[in-house]
Amino acid sequence: MDHLKLVKCEINVVELMKLVSSPSCGATSMFVGTTRDNFEGKTVKKLIYEAYEGMAEKSMKKLCDDIRSRWKVHGIAICHRLGEVAIEEASIAIVISSEHRAESLQAVQYAIDTLKAEVPIWKKEEYEGSNESAWKENKESSWIKTEPAESVVCDDDSDGDVVDIVPPDLIQVKADDAELKRRMEAFMDFKRNQVNFSNIRDFCGNANSELSCARVDAVVVRQKGSKGHLRVRRVLNKTGPQTQGIELWPQAAGPSSTTPLMQGKKQKLEVAASVNSTSDCPPAVEERLRNAELHLGLNQCQNNRPVPKDVYARLKDLEDRILFLEGVSPEYSHVLTKVPKIEPEDKKPRLFKKRVYSVDDLDKKMRDLENVIKNNSPQKSTT
Amino acid sequence: MAPPQRGEVGGQGGQDPPAGVSVRVLLFAGARELAGTAEGVLTGLPADTDEAALLQRVTEAFSLHAMAGTFILALNQDFVAAGDALRLRDGDEVAVIPPLSGG
């Protein structure tokens, strides 16, 4: 049910609400436009509204049909005031009821925006003093801004290379602005969805999928007090170039760098046979050290040298090796974070030598400095 | 004044073709104040015309040069878009629509 009115007296908002209310509706949304007493620093005395009445009613009816094609609403009441309207009084009221609030709220917003752009009604403001008055222009009134701007462009470029009249058969896209906007938005939505879909397929929740070439699996995990919400699992390869022994080794130049893994295995056998007897540390410790050395490619690099007898020397070698590996391939640093911290701790006592100065000491130091400067400056100026 | 190209077009049997079509013109808001009248009649219009030509005729007839380019027309209560071809009949209602400011 549409209730459309152009009235010369005050708008009765309560009456409009009753017009649209219904037992089946849980929401009645209302917009009331009231007259303001100021415009750009000028005091507005009163406002006068004027309408092309026949057309205004027709286009308000069209607006109602438009709303009903977009939202499921029950009743629509639009009342616009004409003639003189005092400050603070309602010039327009739009009331729409619907079963749930979302429809009527959106419909009311749409209704006032469209009404301002399409319904032929005009407002004149009369200002205090100087008998000044002005017809207002809604920013929604589309042809106002575009037409003059276009004509200006044409004037400027009339002697340029802009073609003024394009034959209609050459125009391929004939949609209006709203339709173009809708198409662009639809295209952007489609693209966004496409990207989202492939991102989700590649990066979320299927680390073991054969179809994905992604090397990380990121799952959103909301964490209080943290900016990062992604839990990232890194791929740890069991085979491949990253797991091969690194052939550069500062202490042993070259001879053993061909097939590190095979040599490692041979070495392991030899060590198993020989070292056990020579080393005097417990067998379990010996085995663990040897495994660590083999794993880090230490033994095969020290082909020509015997393994140090001292456990601490071997540990030192292992540490050096770890530091070296870390320097060569930084991606291991997350595994080895504790190693580099040893260095600064060693250096600390050397770097900071604490001395305690008393206030008198400081005063004396400053006096000495002042004297030095005083003595220096005349000397410099004379020389 | 260009004579109508086809006499039969008007469809108002009994009308004298060369006399053209006459329409009612309504003026609102700033246009009404500029023209000094709310309503007028335009005669001798070609039945087949377009938006630009009609706009031109209305501007001249009601001395609306001062606000040329800021208003559009409505024909029988429908907005006329720029570049539209129009078919006029006697008694049609043409309205001068300055920038809207309802609400």
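The face of helix α7(A) turned away from its buried side carries the exposed residues Arg288(A) and His295(A); exposed means over 50% relative accessible area, buried under 20%, and partly exposed in between, with a 1.4 Å probe and protein chains only. This is a predicted model, in which local features need pLDDT of at least 70 and side-chain atom pairs count only at pLDDT 80 or more, while totals for chains, interfaces and linings use all residues. Residues are numbered from 1 along each chain as its sequence is written, chains are lettered from A in the order in which they are written, and side-chain values use heavy atoms, with hydrogens and water left out.

Helix α7 of chain A covers residues 283–295 and reaches 18 Å from its first C-alpha to its last, close to the 18 Å expected at 1.5 Å a residue. Helices here are DSSP runs of H or I with at least four residues, and strands are runs of E with at least two. Buried in α7(A) are Glu286(A), Leu289(A), Arg290(A), Glu293(A) and Leu294(A). Seen down the helix axis, these buried residues fall within an arc of 135°, so they line one face of α7(A). After the helix comes Gly297(A), with a positive phi near 70°.

The largest nonpolar core has 28 residues, and Ile67(A), Ile78(A), Ile96(A), Leu115(A) and Ile121(A) are those with the most contacts inside it. Such a core is a set of buried Ala, Val, Leu, Ile, Met, Phe, Trp, Tyr and Cys residues joined through side-chain atoms within 4.5 Å. Helix α3(A) gives the most to this core, with six residues. A second, separate core of 22 residues includes Val23(B), Leu27(B), Val58(B) and Leu75(B).

Chains A and B bury about 2,300 Å² between them, 57% of it on carbon and sulfur atoms; this is the accessible area (1.4 Å probe) lost on putting the two parts together, summed over both. Four salt bridges are counted between chain A and chain B, where a salt bridge is a side-chain nitrogen of Lys or Arg within 4 Å of a carboxyl oxygen of Asp or Glu. Over all chains there are 25, including these:

| Salt bridge | N to O distance |
|---|---|
| Arg32(B) and Glu50(A) | 2.4 Å |
| Asp2(A) and Arg68(A) | 2.7 Å |
| Lys139(A) and Glu140(A) | 3.5 Å |
| Lys46(A) and Glu126(A) | 4.0 Å |

Lys46(A) lies in strand β4 and Glu126(A) in strand β8 of chain A, so this pair ties together parts 80 residues apart in sequence. Asp2(A) and Arg68(A) also belong to a network of salt bridges with Lys61(A) and Asp65(A).

Methods: Expected span 1.5 Å × (residues − 1). Arc of directions from axis to C-beta.
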